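Me: I'm new to this one. Can you walk me through it once it's on screen?

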Amino acid sequence: MANHKSSLKRIRQEKKRAIHNKYYAKTMRNAVRKLRAMTNKDEAVALYPKVQKMLDKLAKTNIIHKNKASNLKSSLCLYINKLG
């Protein structure tokens with residue numbers, strides 16, 4: 001167990017941040033899943049900017065890596081372009 005007040009506080013903060021980050025990462029994964037499940041191109045095109053914005057924000061705050069965000073955005077863009 002931690003011996004210092006500051007280390008106890010750090011443990012509390014890390015738990016809180018981990019829960020926060022996990023929530024936003026899960027929300028992002030669900031949004032990507034929802035977009036990949038779409039078969040209508042118009043709906044997918046309408047949803048893509050929202051997902052793209054979410055990915056950029058999460059990459060900016062280091063919840064996901066910037067390259068992961070880029071890879072997801074490009075693969076989603078390819079998926080939308082292949083929709084008929």
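Me: How are helix 2 and helix 3 oriented relative to each other?

Reply: This is a predicted model, where local features need pLDDT of at least 70, side-chain atom pairs count only at pLDDT 80 or more, and totals for chains, interfaces and linings use all residues. Numbering starts from 1 along each chain as its sequence is written, and side-chain values use heavy atoms, leaving out hydrogens and water. Helices here are DSSP runs (H or I, at least four residues), numbered from the N terminus. Helix 2 and helix 3 pack at about 175°, with axes 10 Å apart; angles run from 0 to 180 degrees between N-to-C directions, along lines fitted to C-alpha atoms over the stretch in contact, and over 145 counts as roughly antiparallel, so the two helices are roughly antiparallel.

Me: Which residue forms a salt bridge with K73?

Reply: A salt bridge needs a Lys or Arg side-chain nitrogen within 4 Å of an Asp or Glu carboxyl oxygen, and the whole structure has one. The closest N and O atoms of the pair are 2.6 Å apart, and the partner of K73 is D56.

Me: Is K73 buried or exposed?

Reply: Buried means under 20% relative accessible area, exposed over 50%, and partly exposed in between, using a 1.4 Å probe and protein chains only. D56 has 35%, so D56 is partly exposed. K73 has 17%, so K73 is buried.

Notes:
Parallel < 35°, antiparallel > 145°, perpendicular 65-115°, else oblique.
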